[in-house]
Amino acid sequence: MTTAALYRAANGVREATARRQFPTYLFFYHCASLALAALPGTRYKFSMLDKKCTGDLDWEDVRYFAALARHRSLSATARALRVNHATVSRRVARLEALLGRALFERRAEGYVLTADGRAVLEEATVMDSAALSVLRRLDAGVELSGLVRVTAGRSLAEGFLIDRLDGLHGRHPGIDLELIGEVRLLSLARREADIALRFGHPKGSELAGRRVGTIYFGLYVAAGLHAEPDALTRLPLIGFDREADSIAEAEWLEQHFPGRRFALRANSQIAQAAAARAGFGIALLPRYLADNDRQLAEIDFDAPMLERELWLLIRPDLTKVPRVRAVADYLVEIFRRERQRFAGHSQAVESEALEVQPADEGAPGA
């Protein structure tokens, strides 16, 4: 953009903002002003409006606003940004006060963007994408050092992975790991994590993916209860909370035990395993979590048991970042080595070749 064009952009937006015709552009006006000031050999006189915009605007407020627009609730946004909900509310309120416009309507179903909010979000999304692009360029270092964030379900993270990651530290002492055990899905595209271990490959996703194994499940009760007469039909169930209807484990239990009472619900399979040990009833658990637990016993069931494919997902631009690639390759190695553990004692394990999606040539282990 030429100097003249920058002048026109800055002055035009300033005049429109002063007339309050385009209030949503108030906090973007100072970008053109700063660009003008940075041009060699040019002088740009900052007005009081310039100084107010550049002095008052905090780009973190914009980031919080975009996150709230995406998640639609203070609590979900706070979890995603790892802050408390009061911080989210304060940041968004400050941005609304600066713009002089309400950006959200507070409704029962959550935070809904106003017309001004939608206009601001369109511009904020461009800014956010540009910032992410800069950060991705910084990822392209060649050293095997730095932070790598791995997200997985809590039971997989705490009941399996954590005990097997010490070898990675011995092999690459400069790599720092952040293991995030979450029920919710973190976004790789938005850099909430670098590597994700998830059930299934998201349809239409641009992520590089590799199937690293199959998780087999069984029905378990406290040791001794499995031998009681009619235990399978008499004992209540242990399962996920009522909001987890879309989880495959919850759907499987509903399909095979319709109308059965749940003595305890929890959103963690580690908690469900503990409840089964305590005698609350029958829990559908992954075999890697329950088969080697002497306080649990499996109940025979005639119908085919649940099986779920486990995939390692990674952003394509990170497949060639050495530290991220090293962690991904180590995870693939763990799952290859532990195939028997996932299948459990009662499953016949075939020596399957781990699959790589044809479209994902940059996938780990390829």
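This is a predicted model: local features need pLDDT of at least 70, side-chain atom pairs count only at pLDDT 80 or more; totals for chains, interfaces and linings use all residues.

**Exercise 1.** Over the face of which residue does arginine 91 lie, and at what distance from the ring centre?

*Solution.* Arginine 91 is placed over the face of tyrosine 64, at 5.2 Å from the ring centre.

**Exercise 2.** Classify the ring pair of phenylalanine 160 and phenylalanine 335, and locate both residues in the chain.

*Solution.* Step 1: the ring centres are 5.6 Å apart. Step 2: the planes meet at 20°, which is under 30 degrees, so the pair is stacked. Step 3: phenylalanine 160 belongs to the loop between α8 (154-159) and α9 (166-171), whereas phenylalanine 335 belongs to helix α14, so the pair links parts of the chain 175 residues apart. Step 4: both residues are buried, and together with Tyr288 and Phe342 they form one aromatic cluster.

**Exercise 3.** Describe the part that α14 takes in the largest nonpolar core.

*Solution.* Step 1: the largest nonpolar core has 57 residues, and Leu331 and Phe335 are among those with the most contacts inside it. Step 2: α14 supplies the largest share of this core, 9 residues. Step 3: helix α14 spans residues 322-337, and its buried residues include Val324, Val327, Leu331 and Phe335. Step 4: Leucine 156, also among the residues with the most contacts in the core, touches Phe335 as well as Leu161, Leu197, Tyr288, Leu310 and Phe342, residues up to four places away in sequence not being counted.

Key
Residues are numbered from 1 along each chain as its sequence is written. Side-chain values use heavy atoms; hydrogens and water are left out. Helices (H or I, at least four residues) and strands (E, at least two) are DSSP runs, numbered from the N terminus. The expected span of a helix is 1.5 Å times one less than its number of residues. Buried means under 20% relative accessible area, exposed over 50%, partly exposed in between (1.4 Å probe, protein chains only). A nonpolar core is a set of buried Ala, Val, Leu, Ile, Met, Phe, Trp, Tyr and Cys residues joined through side-chain atoms within 4.5 Å. Contact means heavy atoms within 4.5 Å. Rings of Phe, Tyr and Trp (its six-membered ring) pair if their centres lie within 6.5 Å; planes under 30 degrees apart count as stacked, over 60 as edge-to-face and the rest as tilted. A charge sits over a ring if NZ of Lys or CZ of Arg is within 6 Å of the ring centre and within 35 degrees of the ring normal.
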